Amino acid sequence: MCGRFTLSQLAEAIASTFQLSNVPELAPRYNIAPTQPVPTILLEGDRRQFQMLRWGLIPSWAKDITIGAKLINARAETVAEKPAFRSAFRRRRCLVVADGFYEWQPQKGKKQPFYFRLQDGQPFAFAGLWETWQAPEDEKIDSCTLLTTTANSLLRSVHDRMPVILKPEDYARWLDPQIQEPEQLEPLLQPYSPEAMVAYPVSTKVNNPTNDTPECIERQ
């Protein structure tokens, strides 16, 4: 499971990394939580578009938005078959932009948060899916979920799952709506190389989503 992540990079660095034509307006975030707007990249025509989506996928058939809080993650092993995700997996995939994420390890009756990021500290993309939900009052809500897979050796002592981090060379393939067969996409949904990542314990301040400051990612 992935329940919190960060994006503190400069907007210019994000635009360059993801080949965006426009620089997005972004404030640094150190404790992004479910149901909040999260930074994503979708393909519109042949151009990548930056868009903020609500974290927690709301299927088009949902009666109300509350289901979204339960659908913040989708398991890579079953995403092609699950009713809540299978249509989006084929046709509505996105990049969820981040530069780190948190997982919690049980320790002596409490949960110790750990922060994970890439060795080079650069922004990266989680594999995501998105949907548009039509509210009864004609309001439309665009929402998303993050895919997860088995943990690599760096994460395994903390948690048995990790978010799917895509390689830059796979971004175009993941976004391409013409690619719809699960067999073409499943090879991308692998644990990220542990050698390319770092991890360290951080303050329990991150446990409270109202704490959204650089102290959240400081090594303890």
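Leaving aside its neighbours within four places in sequence, which residues is Ala-199 in contact with? The last of the legends below returns to this residue.

The model is predicted, and local features need pLDDT of at least 70, side-chain atom pairs count only at pLDDT 80 or more, while totals for chains, interfaces and linings use all residues. Residues are numbered from 1 along each chain as its sequence is written, and side-chain values use heavy atoms, with hydrogens and water left out.

**View 1. The protein chain as a whole, with four helices and 13 strands.** Helices (H or I, at least four residues) and strands (E, at least two) are DSSP runs, numbered from the N terminus. The C-alpha trace spans about 45 × 35 × 35 Å along its principal axes. The radius of gyration of the protein chain is 17 Å, which agrees with the value near 17 Å that a compact globule of 220 residues would have; this radius is taken over C-alpha atoms, and the globule rule is 2.2 Å times the number of residues to the power 0.38. Of the 220 residues, 48% are buried, where buried means under 20% relative accessible area, exposed over 50%, and partly exposed in between (1.4 Å probe, protein chains only). Among contacts (heavy atoms within 4.5 Å) between residues at least 6 apart in sequence, 66% join residues at least 24 apart.

**View 2. Strand S9 (residues 124-134) and its pairing with S6, S10 and S12.** Eight of the eleven residues of S9 are buried, so this strand is largely enclosed by the rest of the structure. Two strands are said to pair if DSSP finds at least two bridges between them. Strand S6 (residues 93-98) pairs with S9 in the antiparallel sense over six bridges, and Cys-94 has Gly-128 in S9 as its bridge partner. Strand S12 (residues 165-166) is also antiparallel to S9, with two bridges, and here Ala-125 stands opposite Leu-166.

**View 3. The hairpin formed by S9 and S10.** Strand S10 (residues 140-150) runs antiparallel to S9 and is joined to it by seven bridges, with Glu-131 opposite Ser-143 in S10. Five residues lie between the two strands, and Asp-138 in the turn has a positive phi of about 75 degrees.

**View 4. The hairpin of S3 and S4, and the link from S3 to S6.** Strand S3 (residues 37-44) and strand S4 (residues 47-55) pair in the antiparallel sense over eight bridges, and Pro-39 stands opposite Met-52 in S4. Two residues separate the strands of this hairpin, where Gly-45 takes a positive phi near 70 degrees. S3 is also joined to S6 by two bridges, again antiparallel, with Thr-40 opposite Val-96 in S6. In a regular strand the side chains alternate between the two faces of the sheet.

View 5. Leaving aside neighbours within four places in sequence, Ala-199 is in contact with Tyr-115, Phe-116, Leu-154 and Arg-219. The C-alpha atoms of Ala-199 and Arg-117 are separated by 6.7 Å, although these residues are 82 apart along the chain. Because its relative accessibility is 29%, Ala-199 counts as partly exposed.
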